[in-house]
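Walk through this model with the coordinates open. Begin with a sheet, then move to the metal site and a helix pair.

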Amino acid sequence: MIVCKSQAELEVMHRANQVVARVLTELVDKVQPGVTTGDLDRYAEARVREMGGKPAFKGYRGFPASLCTSLNEEIVHGIPSNKRHIAPGDVVSMDLGVLLEGFYGDSARTVAVPPVEPEVARLLRVTEESLQRAIEQCRVGNRVGDISHAVQSHVEQAGFSIVREFVGHGIGRELHEDLQIPNFGSPGVGTRLRTGMVLAIEPMVNMGDYEVEILEDRWTAVAKDRRPSAHFEHSVAVTDEGPWVLSAPAARRGATVVADDARRAVGASGSLS
Ligand code: MG
Ligand code: MG
C-alpha cells in the first residue's frame with residue numbers, strides 16, 4: 001500500500017530529513033585522511049541524538065551501526081570500523097537514516113579525498129546529476145518509469161553503469177515503504193505519482209560493470225570488478241507545486257547539494273540549478 005502524506009506530515013518529514021542533511025554536511029568536513037569510518041559513525045550517532053532523533057539503521061535487520069560507510073569499490077551498506085582509515089584518493093559514500101517524531105529521513109552523499117582522479121570526479125558528478133534529473137521527474141501525473149529512465153539514461157550516456165540489485169523506495173512512518181524506485185527502466189510506465197508521495201531516490205553508479213558481490217560480512221555490497229562506485233540519495237515529496245527535496249541542505253555547499261528552496265525553483269522553472 002502506498003501511503004500519501006498530508007502537508008502536516010510532510011513538515012515533520014522535512015524536520016527528520018533536515019537532521020539527516022545537517023549531519024551529512026558536517027560529516028563531509030570530517031572526511032580526512034587518517035579518520036576512521038568508525039569515527040564517522042560515532043559522530044553521526046551523537047549528532048543525531050543531540051538533535052532529538054534516533055539513528056534509523058542501527059539494529060535495522062541487524063545492521064550494527066548508525067551510518068553506512070562505503071569506500072571505493074564498496075557500493076552501499078559498508079559497516080563502519082575503527083580499523084578502516086580513510087586515505088588520500090578514497091571515494092567515501094555516507095548513507096544516514098533518522099527517525100524523528102515518528103517519521104523517517106534518508107539521504108546519502110559521496111565525496112572523494114584529494115588527490116581525486118578526473119574519472120572519479122566525473123563519476124561523482126554524473127551520479128549526482130542523475131539524482132537531480134530524477135528529482136525533476138517527481139511531479140504529479142508522471143510515472144515511476146520516468147524517474148528510473150532519467151537516472152539510467154544520464155548515467156549510461158556518460159559511460160558508467162547502474163546497479164540493479166538495489167532500488168529507491170517509498171519512505172514515511174516506515175524506512176522502506178511501498179513503491180520501489182529502480183534506477184533503470186522505461187519512461188511512461190509504472191505507478192503514477194500522486195500528491196503526498198515521498199520517495200527516497202538513490203542512484204548507485206559503478207565506474208565499471210554493474211555486477212555486485214556481497215562480502216562475507218553479509219552487508220557490504222561491492223562492485224564485482226572492484227572499480228569505484230558512487231551513491232547519492234534524497235528523500236523527495238511529490239507536491240502540487242513540484243518536487244520538494246526534504247533532505248536538501250539549507251545552504252548550498254560544494255557540488256553535492258540541491259538547495260533547500262529548490263522546491264519552488266523546480267516548480268517554477270523545471271530546472272534545479
Ligand atoms: Mg539511504
Ligand atoms: Mg534509502
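Three strands form an open sheet in the order β6-β10-β13, with antiparallel pairing. Two strands pair if DSSP finds at least two bridges between them. Strands are DSSP E runs of at least two residues, helices are H or I runs of at least four, and both are numbered from the N terminus. β6 (161-162) and β13 stand at the edges with a single partner strand each, so one side of each has no neighbour in the sheet. β10 and β13 run antiparallel and are joined by three bridges. One pairing to locate is M204 with H231 in β13. Helix α3 (residues 118-136) lies across β10 and β13, at about 35° to β13.

The model is predicted: local features need pLDDT of at least 70, side-chain atom pairs count only at pLDDT 80 or more, and totals for chains, interfaces and linings use all residues. Residues are numbered from 1 along each chain as its sequence is written, chains are lettered from A and ligands numbered from 1 in the order written, and side-chain values use heavy atoms, without hydrogens and water.

Now the metal. Which protein donors does the magnesium ion (ligand 2) have? They are D106 (OD), H169 (NE2), E202 (OE) and E233 (OE), at 2.1 to 2.3 Å. Donors are N, O and S atoms within 2.8 Å of the metal (3.2 Å for Na, K and Ca); water is not among the atoms, so sites may look incomplete. Along the chain, the donors follow the spacing D-x62-H-x32-E-x30-E. E202 sits in the loop between β9 (198-201) and β10 (204-206), and E233 in the loop between β13 (229-231) and β14 (234-239), 31 residues apart. E202 counts as buried because its relative accessibility is 8%. E233 is buried too, at 0%. Buried means under 20% relative accessible area, exposed over 50%, and partly exposed in between (1.4 Å probe, protein chains only). D106 also bridges to the magnesium ion (ligand 1), with the two ions 3.2 Å apart.

Strand β2 (residues 67-71) is mostly covered, with five of its five residues buried. L67, T69 and L71 point one way; C68 and S70 point the other. Five bridges join β2 to the antiparallel strand β4 (residues 91-100). There, S70 stands opposite S93.

Last, the helix pair. Helix α1 (residues 7-30) packs on helix α2 (residues 37-50) at about 145°, with axes 10 Å apart. Axes are lines fitted to C-alpha atoms, for helices over the stretch in contact, and angles run from 0 to 180 degrees between N-to-C directions. Contact means heavy atoms within 4.5 Å. The α1 side includes V19 and L27, and the α2 side includes L40 and Y43.
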